[in-house]
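User: Could you take a close look at one part of this model for me? I would like to know how two neighbouring parts meet, and what each side brings to the meeting.

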Amino acid sequence: MKRKLLYAIGKRLLISFAILFVFISFLFFLIRISPGDPSQKLISPKLSPALHESVKESFALNDPILEQFYNFTKNMLTGQFGYSYDYKMPVTKVILEFLPFTLILGSLSFVIQLALSFWLAYLSLKNRGKFLDRFLSKFSLVMYVTPIFVLGVFLVFIFSVKLDLLPTSGISSVDSYRYSFWQNLGDYILHLILPLITLSAAGTALFYRYLRDYFEDVRSKSFILNLRSMGVSENVIIWKHIIPNSISPLVSIAGIELGTLLGGALITEVLFSLPGMGRLTINAIFARDYPLIIGCSFIAGVLMIFSNLLADLSRSIINPRYSKEFLN
Amino acid sequence: MRINYFIMILTAVLLLFAVRFNVVVDSALLIYSLVNLIWKGQSESVHFSFDLFDHFTGLILMIIIPLIVLIFKNKIKLLNQKISLVGAVTLILTFIILFSPFITNYSPDLQKDLAVTKLLPPFSKVKILHLKKETKNINEHAAEFFERKTELLKDDFGSSIIFIDSLVIGEPLVYFQSQTSIRIDVDKIEMSGSKPKVTTKTFLMGTDEFGRDIFTRIIYGTRVSLFVGLGAVMVSLLIASVLGFISAYYGKFWDMLFNRAAETLFAFPILFLIVLTLALFGNNVFSILFVLGAASWMSLFKIIHNEVIEIKKKDFFITAQLIGLSKFKLFTAEMFPVLRIPIIINCVLLFGNIILAEAALSYLGLGLGNSLPSWGAMIDAGQNYLNHAWWMITFPGLMLILTLLTINELGSSLNKLYNRSVK
Amino acid sequence: MLIKKLAPILLSVLFIFNSCTDKSSREADRVIIGIPSDVETINPLYAFNIAEGNITELLFLSLVRYEWNEELGNLEPKPMLAEKWEWNSDSTQVTFYLRDNVYWSDGVKFTADDVIFSFDVYSDPAVQSKLYGTFQEFYTDEENHIDIGKSFEITNAYQFTINFPKEAKPTLFDIEFPIIAMHSYKDIPRNKFQTTEINFQPISNGPFKLARWDRNQALILEANTQSYLYSPDAIQEIVIKIIPDYSARITQLKKGEIDLMEDLKPEDTEMINDESKLSIETVKGREYDYIGWNNIDPKKYAEDGTISPHPLFGSAKVRIALTKAVNRKEILESYLKNYGELAVGPVAPIFKDALNPAVTPYLHNPDSAKILLAEEGWADTDNDGILEKGNREFSFTLNIASGNPRREYAATIIQNNFKSIGIDVKIETMELGTFIDNLYSKSFDAWMIGWFVPIPLELKPYWYSDLELAPLNFASYYSKLADSLMLELEENLSEKDQNKILSELQEVMHEDEPVTFLYWIDNIVAYNKKIRNISITPLGIVHHCWEWEIEN
């Protein structure tokens, strides 16, 4: 069984990485055929054409595209992404500077989304049909459809500009490096409140709606009615029967959400000046920093593959029915 | 009282007809003189424009819709159903799309005299001076046509109007815009009696930073936003069905490939891919529509794929296959009816997501920009003016949220309906 | 409920954090500057953009520095690393006497070796510095690398001489760039300069040194107490904070989270003026916007490089008509709030002596524009509201780069201006990189972009007709007269003669109107009034920031 599981995981990873490679290669060609020239960064009378040529030469952009692709493949297989044009550092090093923050923000937001949506759905379930339930179900819809930047702008407007409670952007105060550990922690928390709300609102609403629907679905199943007629207490029904039966479909959606979050929360990062993968990627795209674009996409892809795998694994642990499906 | 769809549609058409009676009459006259011109064989001096077409179809629909509704009142069940909030909003949106030029008699791009019109709050009233029209020496019928055309189809640059704050009547006339005073010859101005003709324009929802009417832009923006949403849904539906059928029909390899690819793309931060493509290849309506569609085929694909596999196992399908129906027949006669409902539900939800994505793209500067009035672009412009003009973000924002709510409700009620019928 | 009990505790914790961070952040003698995007490097060799240039000039000193003379409208060289310098009679030799009290941040003394090493490195093809290829006045090899042996003579550690070739016309601008430390770079292979770790812990000699750099967050510079420019009364720390969102920058300025920012939108000035602790100043005349008209037919140029007049914009009369059709004043008033002035040509109004007062802007006059167009044969013969000449309708696409609200605003107004005289304009917004690519390939018909003008004035790279020599002549402007005048400017002339030629050139260009010059845009700077002794000149704001003081 264990060997079989490992084999299944290995096979799945292999296929996923093969597809990721095809996907990244597709990106490689997409970038190369697109207009724009990374060596022509700025138009200034002071830059001599000689410099332009020599920079282009050193980026190896004058080579035939197939040769570039050959080198690209070779580097990808050996795990080398080359030097970022803009940061003038190895791509892996640049990414390592930005990735931790994204991982922290993403997983924090993920935990918040899950916990909060679960709590709210539970409240809805307990107060079914009452005001709270109806309010939550309407409000969650509004939250889900509000564009993320509108929400962020309003939050900043209210909490930073009007009430002056929270900082507007960044992850730390400018002289945080002189702080003690606890001050720093507090500083981070203060800075992350608004971004976390902004980033988590839509996801929470979505999870909430799914959970509520699943709860509702399981609730109306005949075995619950049987239990209830047998006089089992409502709490036992909720905790022992409704919730465990509703969780597993959520897991795969949650896996996708986690993958997306870890890839970088683009708009939140731009809005709150956070140093995450989203902004790194977007800047790389605009600056045509080819190696960095490829590196960022690769990392996002890898994170996504693993979070999907994680989701499926946990799903099969929760519900053995899926493990069979997974093994095949 | 019970309001059903029948009553609502009829009332809406009648209301529009009553409120915009003059526009309706003008459109009718314009079309009459157009037909007249063509009849006389002078069609070369006619230039068909989208605006003309727009008024024309609007006019025809205004006659046809009540007729259809009246004739088929008893045939179509829906018409006699009690109207729900979702239904009402959907109906209103459809009306806005069909009758934009009748709902607002103003051009969405008209901007002029910024000193007067820039960033006006809702319900602002502005006075308008009218300039005398240039007469062109063309033959009589054509002249009539052109006169009606310029009367009805408002140009984007307001060549014959001047927005003013106040006016001092004299020789020459002096009018004020903001703090500056400007003189103008009386004989350039259209008069009513001995006084210059002055009308007022009310900006229901205020004006934006270009002095354009936000109400009008929202009305026309409905078309743009919904068009982008619909177009993108079509694109992804096309991709999804082609890939879905191939993978469900032709063997294991394609199945595995497309499924894994869909999974990979599904969770890949797809916004980056969209941004990358738009940044590198430019952003106009069609590229946005296409890219958004191409980036969201995965969920539809999954549904189609799963359903097709399910159907393939079913008895009726196997029978149909045994009878020897062609693949195309199999699809249209056997699969489509079963697939229809889940596809529609998913398309409705996708539609909402795409409208939302277009708004997000606008924030990143890769949306439709200023060239077309889209809600996303308007909201983006509004957030820049949050401190100066709350109305710029509020109205399009409300419109977007209301529409998305409706779409989501529509999706979930369809879902319920489907689940019930499946059971 | 657990949450309800916890909420007050959480809130109070937040307030404690809030209060304790607040107190310690009120550091005296510090200025926080908000900028929209992080710099890529602080190595002067690769400081391509303006922000990078400004920062590197605080870290690394040059031989001479320039001060702006407001009255004359030109630059005056002042001693910096060089205490004085002497030209020989035919200006083929210049001798520098260096300051002997300058130390690198690791304690090593600055000498003439550093200067010569810098010349060597800046011109080395392997290094790919920002100045590579610009040392044409020196003795160089075929790869544009300066011949060090031939060019430099070191007398002692604080005195050296540069020899120029006979035919060269060197000026002090050829030797004005930040000097780097020889001892920190000499062991690194030249082609590894771009990526070496030293770039992130630079050894510098300026009035400030790098204290900390959190990528995409903040860059902190602290005063270099060893520097001869150091003063204990002046600011001790500069924080350059990266805030990409414009509204967030404005908010932080109002809240006092940052002390200074540039490039304010004119519409925000009123709000800033209402804040008693903030003050507004402008940097004038460094930047203008223009609508570019492709003077040549892009299709034919793309096919085989032939130069033939553009079917729409090939004639000067049409271009003048287009300029007259644009209501620049309305944009200036409604968007720029008069933070700017109408432009007549590429010579900035700050160069007071070079400006030709006889050349005045074309005023908004749609009727006269129509007449001019009619003279060129453009008329609305088929009454569809759009002008035509033969089968060709007057319709084109105006391209703009995304991300610049001012140009997007202007484009919308201009589109309507053109429509009202019967010209059909579509606006296409594209991402900057793609846009620039198209500019270089000259494939646009019309576009809108701006130039940040260099000081001292340079015109040849922008307007000379040889498209190889003038890659920035995107409009492919061609005028024999203008060409000869620009060539004359290259001679070593007295300032008076130079201004005379410039005057004439402005007249020629005004008659040709190669592009529609729109307006000069003020860079609006807002800063906290607690900063004293701040001087805002066309050279920028942080130019003299080691003299700023904080009023406590």
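Analyst: Happy to. The area buried between domain 1 of chain B and domain 2 of chain B is about 980 Å², where buried area is the accessible area (1.4 Å probe) that two parts lose on being put together, summed over both. Carbon and sulfur atoms give 75% of that area. This is a predicted model, in which local features need pLDDT of at least 70 and side-chain atom pairs count only at pLDDT 80 or more, while totals for chains, interfaces and linings use all residues. Side-chain values use heavy atoms, with hydrogens and water left out; residues are numbered from 1 along each chain as its sequence is written, and chains are lettered from A and ligands numbered from 1 in the order in which they are written.

To place the two parts: chain B is divided into domain 1 (5-103), domain 2 (114-136 + 145-203) and domain 3 (214-418), with bounds that come from an automatic or database domain assignment. The C-alpha centres of domain 1 and domain 2 of chain B lie 30 Å apart. Where these two domains meet, 16 residues of domain 1 of chain B are in contact with 7 residues of domain 2 of chain B, contact meaning heavy atoms within 4.5 Å.

What about specific polar links? Between domain 1 and domain 2 of chain B there are 0 salt bridges (a side-chain nitrogen of Lys or Arg within 4 Å of a carboxyl oxygen of Asp or Glu).

On the side of domain 1 of chain B that touches domain 2 of chain B, the elements giving two or more residues are α2 (21-39) and α3 (50-71) of chain B. Helices (H or I, at least four residues) and strands (E, at least two) are DSSP runs, numbered from the N terminus. Of the elements on this side, α2(B) gives the most, with 9 residues. By type, the residues on this side of domain 1 of chain B divide into 8 nonpolar, 6 polar and 2 charged; Ala, Val, Leu, Ile, Met, Phe, Trp, Tyr, Cys and Pro count as nonpolar, Asp, Glu, Lys and Arg as charged, and the others, Gly among them, as polar.
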